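Okay, everyone, thanks for coming. Let me put the structure up, and then I'll walk you through the sheet, the helices around it and the pockets.

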Amino acid sequence: MPFVRKEGRLVLQQAGQDIDILTLAQSESHPCYIYDGDDVLNRLKALKSSFDRPVSIHYAMKANHHPEILRRIAAAGYGVDTVSMGEVKKAMKCGFSADQVVLSGVGKTVAEIDFAIENQIKQINVESVPELQRIIHRSQALGKVASVAFRMNPDVDPKTHPYTSTGFRDNKFGMDQSFLPQLIRLVQDSQGAVRFMGLTNHIGSQIRYTDAFEEATEKTRRMLDHVLESGIPLSTFDIGGGLGIDYDQYDPNKDLAEIGDYGLKMSQALKGVDLEIMTEPGRVIVGRCGILVTEVQYVKEAPYKNFLICDSGMHDLIRPALYRAHHRVEPLQLKSGETKIYDVVGPICESADVLGYDRRFEGVEQGDWLAVFDAGAYGAVMASSYNLHEPAKEIVFFDGKAY
Ligand code: PLP
């Protein structure tokens, strides 16, 4: 279990120790992300065992690419989903072998494609016809065979934020079924320059409505059957990532039940598919593992509005500003005193620079430290240099040891 309260103080319990977060935050004396690495590995295990068949997990490193987290995931034998040459290079540096690397993304450059082909990565997920043409051309030029899968767009409503929906047919991602004949013809005419591995989809992120995954899998599966019926052998079926977490509350048993339910639903939807099943989860693996800690610089109270002005904000964690995303915010040390409602805001010169709207705090004072929960995914990786504050440090604990 990542972070718990002991006598009102937030601690990380690992290897039989209570790591006191306030002591750690005060010693850093700067905003920092603190991650529970053991929890990351536990959640990967839970996801793997939630399927009733073997599944190849490719962790979507865009969610969090702390090097020690990547090293541990690689050492545990999982694969990785990447979306740029930078991510492929970092993944390989952290121990993933090329045959564990998948490259997704709509805008792959020639340099990125060449790097993927030269290194013979496991699979390039192709998002458009011109991208396939470019891959074929580059494979021929390099004299190597590229392994490709086609990212299909199943036109499914994932009922998530519009900015994290990717499986509608008017999104820039993937291709609808009508492109398949052209794609297959290009593969067949490529004189062996590309190896057609299978189909893939990814309909979005922070998806809580899991029926959407079933619908997407079923629709993509029909496309898959169509390809197989035409006699083309395939080897992989990649069901993407996107499973969400409940940012409003945390109950470890409920989390495990939700992961179990997802695995069960997917297993059922995949019955009879005799291919390697791949997934690309990010948020559900690392979202819970991280908190962002920040110090209250000023308690600014006015007759019409109260603010806790902190030293961290949208430059470290942009999700509330970008998506109006909700993160629980609590003091590292619970206190008693007068209860008031505050907006928790950062130092950035934007009114969108909010970590939490209308939050209730008791006895809060200047110099108190706060934890912003569930900040392990799409937190530090989306940080910006805007206003040039020193970025939040990232500390991960594995087995009671800090990295
Ligand atoms: N796969 C692809 C292609 C993605 O773009 C993403 C992110 O949206 C993911 C996997 C991981 O998504 P999530 O972190 O929601 O599981």
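So, start with the barrel: it's closed, it has eight strands, and the order is β5-β6-β7-β8-β9-β10-β11-β12, with parallel pairing. If you compare neighbouring strands, they're turned by 30° against each other on average, ignoring direction. Keep in mind that this is a predicted model.

Let's zoom in on one pair. Strand β11, residues 236–238, and strand β12, residues 276–279, run parallel and are joined by three bridges. Which residue in β12 is the bridge partner of Asp238? That's Met278.

Now for the helices. Helix α4, residues 85–93, packs on the sheet and touches β6 (79–82) and β7 (101–103). The direction of α4 makes about 160° with that of β6. Helix α6, residues 129–142, packs on the sheet as well, and its contacts are β8 (123–126), β9 (146–151) and β10 (194–200). Against β8, the α6 direction comes out at about 145°.

Okay, pockets. How much space lies in the largest pocket? About 530 Å³. Its lining has 30 residues, and Lys62, Thr166, His202, Ser205 and Tyr378 lie nearest the centre. By type, that lining splits into 11 nonpolar, 13 polar and six charged residues.

The second largest pocket has a volume of about 170 Å³. Here 15 residues form the lining, with Gln206, Tyr247, Arg319, Ala325 and His326 nearest the centre. That lining divides into four nonpolar, five polar and six charged residues.

That's it from me, so over to you.

Technical notes
Residues are numbered from 1 along each chain as its sequence is written. This is a predicted model: local features need pLDDT of at least 70, side-chain atom pairs count only at pLDDT 80 or more; totals for chains, interfaces and linings use all residues. Side-chain values use heavy atoms; hydrogens and water are left out. On a 1 Å grid over the protein atoms alone, a cavity is a set of points where a 1.4 Å probe fits but cannot get out, and a pocket is an open set with protein on both sides within 12 Å along at least five of seven lines; lining residues have an atom within 4 Å of a point. Grid points are joined across faces, edges and corners, and a volume is the space filled by probe spheres set on the points. Ala, Val, Leu, Ile, Met, Phe, Trp, Tyr, Cys and Pro count as nonpolar, Asp, Glu, Lys and Arg as charged, and the others, Gly among them, as polar. Two strands pair if DSSP finds at least two bridges between them. Helices (H or I, at least four residues) and strands (E, at least two) are DSSP runs, numbered from the N terminus. Axes are lines fitted to C-alpha atoms, for helices over the stretch in contact, and angles run from 0 to 180 degrees between N-to-C directions. Contact means heavy atoms within 4.5 Å.
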